[in-house]
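Visitor: I have a structure open and would like to walk through it with you. Could we take it one question at a time?
Guide: Gladly, let's bring it up.

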Amino acid sequence: MVAKFKREYGSGVDPLTYLGQNYMVVDRSLIPEILQILRNEEQFDYCVDITAVHYPKREKQFDVIWILYSFARNERVRVKTPIADGETLPSSVPIWATANWLEREVYDMFGIKFDGHPDLKRILLPDGWKGHPLRKDYGILQQDNEWVQINLGIESGQ
Amino acid sequence: MAPVATPFFFYLLAATMIIGGILVITRKNAVHSAMALITALLAQSGIYLMLYAPFVAGVQIILYAGGIMVLFLFVIMLISIERTMKERQFNHQWLIGIVAAAALGGLFIAVYTRGKTLFPEGRLTYAEGQNTQAVADLLYGPHTGMYMFSFEIASLLLLVAIIGAVVMAKKRI
Amino acid sequence: MGWLVQYVQSYLDPRVTVSPGAAGNVFWALVYILLVFAGVSLGVICMNWLERKILAHMQVRLGPMRVGPHGLLQPIADAVKLLIKEDIIPAEADAVVFWVAPFIVVLAAFTVFVVVPFGPAHAITDMNIGILFMLGVSSLSVLGIVTAGWASNSHYPLIGALRSSAQMVSYEVAMGLAVISAILMTSLNGFGLYGVGGPDTPGIGTLSMIGIVRAQEAQHVWFLFKFFPLGLIAFAIFAIAMVAETNRAPFDLPEAESELTAGFHTEYSGFRWSLFFLAEYSAMIAVSSIAVTLWVGGWLRPFPNALGGATWDLAFSFVPGLAFLFLAGMTFYNVRRMPKHPFFKIQTMGLAGFGAVLGLIGLILFVPPVRDRVGDIFWFVAKVAAFMYLYIWYRGTFPRYRFDQLMKVGWKVLLPIGLGVLILTAGAGIVGLEMAQHVTH
Amino acid sequence: MTDPKTLSPPSLETHVAAHDDTFLDTNELVINMGPQHPATHGVLRVILRLDGEKVLGLECVIGYLHRGVEKIGENRTYAMFNPYVDRMDYVAAVSNGLGYCEAVEKLLNVEAPPRAQYIRVILTELNRIASHQLWLGTHALDIGAITPLFYTFRDREEILKIFEKYCGARLTTHAFRIGGLQYESYDGFEQDVKNFISFFKPKIDEYEELLTTNRIWLERTKGVGVISGKDCIALGVTGPVLRASGVKWDIRKAQPYANYKNFDFEIPIGLNGDTYDRYLVRMVEMRQALRILEQAVNGIPAGPIMAKVPKVIKPPVGEVYHSIEAPKGELGYFIVSDGSTQPYRVRVRPPSFVNLQALDLMCRGQLVADVIAVIGTLDIVLGEVDR
């Protein structure tokens, strides 16, 4: 599988192994194709998780990670793609139905938008929430202060 | 059982019936109307009891007040009350209404003044203990059971009505 | 004043064996109304406590233990709590209907006791249409439930009310069929398990509650065993339908807690809610009384045939007193088991007092005039209590039916069986009559 | 009313299409269930669209219990975050701790010593039984049977007593440490577990006696909330729900962690994927857990209980995903380390959250009462859904 990807996509796919766990760093432009192939041809029919990591100092601030599992091969693989702030990703809901809530959570926590998602809105946080808390530069106090300013009429709750 | 304070109870029940009847047509809220109707029907069954017709009274309670009115309420509850409250309640056909009321009133007066010969004198009562049995005998009894056939016809009619209702309510069978 | 004394005297005459209503005895009728009202309310209170305790012991818990010895005063504490609670009427509710609904339910639940025969002379009145009256009036309570759900102006109560009305109307049909087959038995004397009697037994049927029990007495058979197994099946249909009719587990959908929070009385609180509670339990007692009257021989003592005769009559007349003495004995046994700590002194004394009261009642029940008068009440109440226990047992055992399954059971199972039993009962009765006539000719 | 049994179970293909045409139906009634509702197992809010009592569709609103566990993890050291994971699935706190500790151990490239592994398995399997007991009690209560609740709580007490004796806590145990265990098992631990095994075996029969052949129970659970194995995989549903749909997959067997490969046990699977099958699967899982316990408690080796782990845990730069079979399904931890004492990112893959997504599909065409049954059968814990 690795060899095939390497052959077809060249430098766009970078398969790695750490502590016995396989993952591949994939270029943003190849993501739709790679996920489709993983699902249909490589039998990774179960999308375990979709998540992201924020690296504020990098130029491409986010790593979005798909954790996939294949029942047929009993094998896990992680697909990782670095994207910049504001960049969108294609939604994988058509590929794995389970991506629906997982992508909503990524959007909720990181503000990464997924194109073609049927109902992309906040899931864990209330609709009126400002900011995306799992970003490293998210200040925990601002929301609190805003709330006390509006509801209690005091400057700060701290 | 010796009757107790008969006139008092008669007027009480009659008044309840009339007030209930008036409320039925004047209330805008359909649920209130239905409840007034139930009150009127219960008062009516009380009058049946006073007329020594306990079986009819029981049937009145179990069928009208307990059965039919529940279905009425069932339907009314599902209607939007807000909308029905705004609808016009009377359709202002005063003339026809007055003529009809006058005709009915005239009939009542005529019956009251001249109808004494139409009805048997005094009360026609069965002893209370056998009243229900008498009704049964009259309907199905071997000698007097002349209503057996009409009773069966009526039940057949109801069966047709039930099937019709099912056909109309069910989109596909 | 003379008439009053006369009334009292006329009733105290042991030869009077009819109910005060049937005798036209207004004074005693009023006394009976009060007694029955108080008795039923007391029954509801006892039932409340017993249900909690029995259910708790079924579920490996203790139930109420704090208020009074073994939680005996818990129902009273609860009643006081409910009475002093704030009475909330939701802002968008239809206030008048909301206010009236609980009273309709309570009224319907208590009115039926007018014809319940606790004994041949221990009924408020004996109506010619007794059983019809009971079914009719108890069906009125659904009006209260429906209006309560509607007036709350909220989704859950409305759905609860709709479920409830559909359920009660459906199960009334099956119930009615079962009742009719029992009524048929009053006039039919055919063969049967204990079918003695014969053609000279009066063959006139009756709707009167007292008449039904008298028929069982005359035919020497409880209708439960008549035309075996037809009576049993009819009774089973009634026993199932009556649980559905009173909205109890496993048919408690109108108030299914896990689905509709509390069903039609979700928005009710305090006193108004307690009226629904009162009505529910007294309706349970009422339908159980119907079942007892129709199938289990009403006030008649058990084993009328196997253990017949005056000696056994005498022996059975001691049972009420013995039962109370047994309860008193149990209470004293528990008094001994109470912790000896001074904390429990008042509790222990209370329990001992309770036991003393029970024992006293037991002793009074041995006095011959009392014994003769209240034996019938005791048997009736004991039979009703057995049904009450069944209710609690169901609740501890069964999951809840789903609504469509409930309807399926009502219409597709109970109704056809009920019709079949009705037809077979009529057929069996006619065949029995023919045979009986054949024998005499 | 249409008999729900005649409806073919909805599948994902018709899912999106049904969405549009039914939702325009003017006869529908929208009911809000929760967040304060006795049968939503916490603060789940479900918006139901009904046609009479038939469910046309529903939407879950979650997040009422969101505490930002993942954010907390980024601001605590590895060891300090350990107790927090217990608060996610608070009915199966031991499993949560096991997954986290193993993930960090993997990142550190150490392995807990065998004795610790055995005790970990014992506690985790005890916790699996406790979690299933809680599920059974509440599920039966939702369907209207109140008695099983008290029976299961009575027996769950015995497990909690063992936990309490072992680590002092009953619910959020914090039983494990990174690299092994903090506490040596107390005197009589083995005997307690053995007693529990012999005590609990007849109790499972007792539960089954109450429910398995109960007619009403069968009617309420058979054919209710059917989901196919294919849809389960597409929706990422794991755990007993997946197995009840006929997919024989259990991480304990597929990718053994701890020392599950040393134990002999079966994975139960269902055939129909309905609520009744899920019930049976969990009942068998309890029996299998007892089997594992029996083997584990008889084979506890002597030896140390902690691997050599530095006092200050500083894993090398890297990332790791580790998942275990929690009572509710696949519980995964994705941990990114930047070489400092605090994890750079902790992602928890909660089974309840993903399983809850299937609720909509499972409830379509069913009645309101079935929604309750299906919520119960999914066995969600809102603490884990919302984190």
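Visitor: In which loop of chain A does A:Asn74 lie?
Guide: Before we start, please keep in mind that this is a predicted model. On one side of A:Asn74 is strand E4 (62-70), and on the other is strand E5 (75-83). A:Asn74 therefore sits in the loop between strand E4 (62-70) and strand E5 (75-83) of chain A.

Visitor: Is A:Asn74 buried or exposed?
Guide: The count to look at is its C-beta neighbours inside 10 Å, and A:Asn74 has 11 of them. A residue with 12 or fewer falls in the exposed class. So A:Asn74 counts as exposed.

Visitor: What is the phi of A:Asn74?
Guide: Most residues other than glycine have a negative phi. A:Asn74 is not a glycine, yet its phi is positive, at about 50°.

Visitor: Which residues is D:Gly180 in contact with, leaving aside its neighbours within four places in sequence?
Guide: D:Gly180 lies in strand E5 (residues 180-181) of chain D. It is buried, because 23 other C-beta atoms are within 10 Å. Its contacts beyond those sequence neighbours are D:Ala112, D:Pro113, D:Ala116, D:Ile305, D:Met306 and D:Ala307.

Visitor: How many Å apart in space are D:Gly180 and D:Leu359?
Guide: In sequence, D:Gly180 and D:Leu359 are 179 residues apart. Taken C-alpha to C-alpha, their separation in space is 37 Å.

Visitor: What radius of gyration does chain D have, and what would a compact globule have?
Guide: The C-alpha trace of chain D spans about 65 × 50 × 35 Å along its principal axes. Buried residues account for 58% of the 387 residues in this chain. For 387 residues, a compact globule would have a radius of gyration near 21 Å, and chain D agrees with that, at 21 Å.

Visitor: How many helices and strands are there in chain D, and how many in chain C?
Guide: Chain D has 16 helices and eight strands. In chain C, 51% of the 441 residues are buried, and residues 24 or more positions apart account for 77% of the contacts with a separation of 6 or more. Chain C has 16 helices and zero strands.

Visitor: How do the residues on the side of chain D that touches chain C divide into nonpolar, polar and charged?
Guide: This contact takes 27 residues from chain D and 22 residues from chain C. Helix H5 (114-142), helix H6 (147-167), helix H8 (215-221) and helix H15 (368-378) of chain D each supply at least two residues of that side. The chain D side divides into 16 nonpolar, four polar and seven charged.

Visitor: And how does the side of chain D that touches chain A divide?
Guide: Here chain D gives 31 residues and chain A gives 25 residues. Among the elements giving two or more residues to the chain D side are strand E6 (318-326), strand E7 (329-337) and strand E8 (343-349). The division is 13 nonpolar, nine polar and nine charged.

Visitor: Are H4(C) and H11(C) parallel, antiparallel, perpendicular or oblique?
Guide: The axes of helix H4 (residues 74-84) and helix H11 (residues 270-295) of chain C come within 6 Å and cross at roughly 135°. That angle makes H4(C) oblique to H11(C).

Visitor: Which residues of H4(C) and H11(C) meet?
Guide: The residues of this contact divide into five nonpolar, two polar and no charged. From H4(C) come C:Ala79, C:Leu82 and C:Leu83, and they meet C:Gly270, C:Phe271, C:Trp273 and C:Ser274 in H11(C).

Visitor: Which residues have the most contacts inside the largest nonpolar core?
Guide: In soluble globular proteins, nonpolar side chains tend to be buried together. The largest nonpolar core here has 299 residues, and helix H7 (residues 155-187) of chain C gives the most to this core, with 17 residues. Those with the most contacts inside the core are A:Leu68 and C:Ala241.

Technical notes:
Residues numbered from 1 in each chain as written. Chains lettered and ligands numbered in written order. Predicted model: local features only at pLDDT ≥ 70, side-chain atom pairs only at ≥ 80, totals over all residues. Contact = placed C-beta atoms within 7 Å. Helix = DSSP H or I, 4+ residues; strand = E, 2+ residues; numbered from the N terminus. Nonpolar A, V, L, I, M, F, W, Y, C, P; charged D, E, K, R; others polar. Rg over C-alpha atoms; globule rule 2.2 N^0.38 Å. Buried ≥ 20, exposed ≤ 12 C-beta atoms within 10 Å, placed from the backbone. Core = buried A, V, L, I, M, F, W, Y, C linked by C-beta atoms within 7 Å. Axes fitted to C-alpha atoms, helices over the stretch in contact; angles between N-to-C directions. Parallel < 35°, antiparallel > 145°, perpendicular 65-115°, else oblique.
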